[in-house]
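User: Please take a close look at one part of this model and at what surrounds it. Keep it brisk, and give the cut-offs as you go.

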Amino acid sequence: MALAVGMRVLTRSLLRPWFAVMKMRNPPVNSLSLEFLTEMLISLEKLESDKAFHAIIITSDCPGIFSAGLDLTEMCGRDPTHYAEYWKAVQELWLRFYLSHLVVISAINGVSPAGGCLLALSSDYRVLADNPKYAIGLNETLLGIVAPFWFKDTLVNTVGHRVAERALQLGLLFPPAEALRVGVVDQVVPEDQVQSAAQSVLAQWLAVPGHARQLTKTLMRKPTADRLLKERDADIQNFVRFISRDAIQKALRAYLEKLKQKKS
């Protein structure tokens, strides 16, 4: 399997601050498998521990796909211990990116449903390619799955309660123009300008004194993260109970079989 995360270090000049481009590469659709999550967390930790780096641009190396979200094979036909391990890794990814002291920009160059949308929502700013196929949203209900409270909280914090309530109940995937209108993304640009637009907006974020920006980010986001930290074990147990239900396993198997048939 290809490396899950490609890393390219860039700087806008010979001077700091530096930023890195984190290119997700887990073909064919950048599913968030346990191995992939682990690699992303290791990559983020390395960048956060290097004081030279002030920012990350997250993007995809898989054409037409930012990230298809959670890897359903990690949630189907496994034992409860594996489900718990996997869900803890998903929690950790969200916590680490959501609270990162680095500026995190998502350059969304493909479709981004479910967990892929959550990853984008965890960043500080989102640039989406203007391609009608590149929809984004938390569409868990369409798979018979309920988005956890911290998925919901992240969306509510981004778009407001009413938009989030409707989107979550209907499992909406927003095309670019609609995603921009409701606030799921901050900017929509031509597909060949996604990376340059992300770098341009990054300059604005990096122009702000880092300590003030970081403290403000913590002030805004810590209450949301603290709720998960307080209920983390209970959230894992709830996930394991839910995903282990016969009806849920049956629905996941049927969906995976449909995907297999579509590929063939």
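Analyst: **A strand and its surroundings**

Ala55 stands opposite Val103 in β7. The model is predicted: local features need pLDDT of at least 70, side-chain atom pairs count only at pLDDT 80 or more, and totals for chains, interfaces and linings use all residues. Residues are numbered from 1 along each chain as its sequence is written, and side-chain values use heavy atoms, with hydrogens and water left out.

Strand β4 covers residues 53-60. Helices (H or I, at least four residues) and strands (E, at least two) are DSSP runs, numbered from the N terminus. Strand β4 is mostly covered: of its eight residues, seven are buried. Buried means under 20% relative accessible area, exposed means over 50%, and partly exposed lies in between, with a 1.4 Å probe and protein chains only.

Which strands are joined to β4 by bridges? Strand β2 is joined to β4 by seven bridges, and the two run parallel. Met22 has Ile58 in β4 as its bridge partner. Strand β7 (residues 103-108) is joined to β4 by four bridges, again in parallel. Two strands count as paired if DSSP finds at least two bridges between them. In general, strands of a sheet pair through backbone hydrogen bonds, either parallel or antiparallel.

The Pro27 to Pro28 peptide bond is cis, with omega near 5°. Asn30 is in the loop between β2 and β3 as well. Its phi is near 55°, a positive value in a residue other than glycine. Asn30 counts as buried, at 0% relative accessibility. For background, most residues other than glycine have a negative phi, and most peptide bonds are trans.

Ser123 sits in the loop between α3 and β9 (125-129). Is Ser123 buried or exposed? Ser123 counts as buried, at 1% relative accessibility. Leaving aside neighbours within four places in sequence, Ser123 is in contact (heavy atoms within 4.5 Å) with Val104, Ile105, Ser106 and Arg221.

Helix α3 (residues 114-121) lies across β8 and β10 and runs at about 95° to β8. Axes are lines fitted to C-alpha atoms, for helices over the stretch in contact; angles run from 0 to 180 degrees between N-to-C directions. Ala114 is in helix α3. The phi of Ala114 is near 50°, positive although the residue is not glycine. At 11% relative accessibility, Ala114 counts as buried.

Strands β8 and β10 belong to an open sheet of three strands, in the order β5-β8-β10, with parallel pairing. Strands β5 (64-65) and β10 (136-137) stand at the edges with a single partner strand each, so one side of each has no neighbour in the sheet. Strand β8 (residues 110-113) is joined to β10 by two bridges, in parallel. Ser112 stands opposite Ile136 in β10.

What of the cysteines? A search of the whole structure finds zero disulfides. A disulfide here is a pair of cysteine sulfur atoms within 2.5 Å. The sulfur of Cys62 is 18 Å from the closest cysteine sulfur, in Cys117, which is too far for a bond. Both residues are covered: Cys62 is buried at 6% relative accessible area, and Cys117 is buried at 0%.

The buried residues of helix α5 (residues 161-170) are Ala164, Ala167 and Leu168. They span an arc of only 95° around the axis, so they lie on the same side of α5. The arc is that of the directions from the helix axis to the C-beta atoms. The face turned away from the buried side of α5 carries exposed Arg162 and Gln169. Helix α4 (149-159) is among what covers the buried residues of α5. Just after α5, Gly171 takes a positive phi of about 65°.

Last, confidence. The protein chain averages a pLDDT of 91, and 93% of the residues score at least 70. The pLDDT is the predictor's confidence in each residue, from 0 to 100. Over residues 7-15 the pLDDT is below 50, and this stretch has 24 contacts in the model beyond near neighbours in sequence. Where pLDDT is low, the predicted coordinates should not be read in detail.
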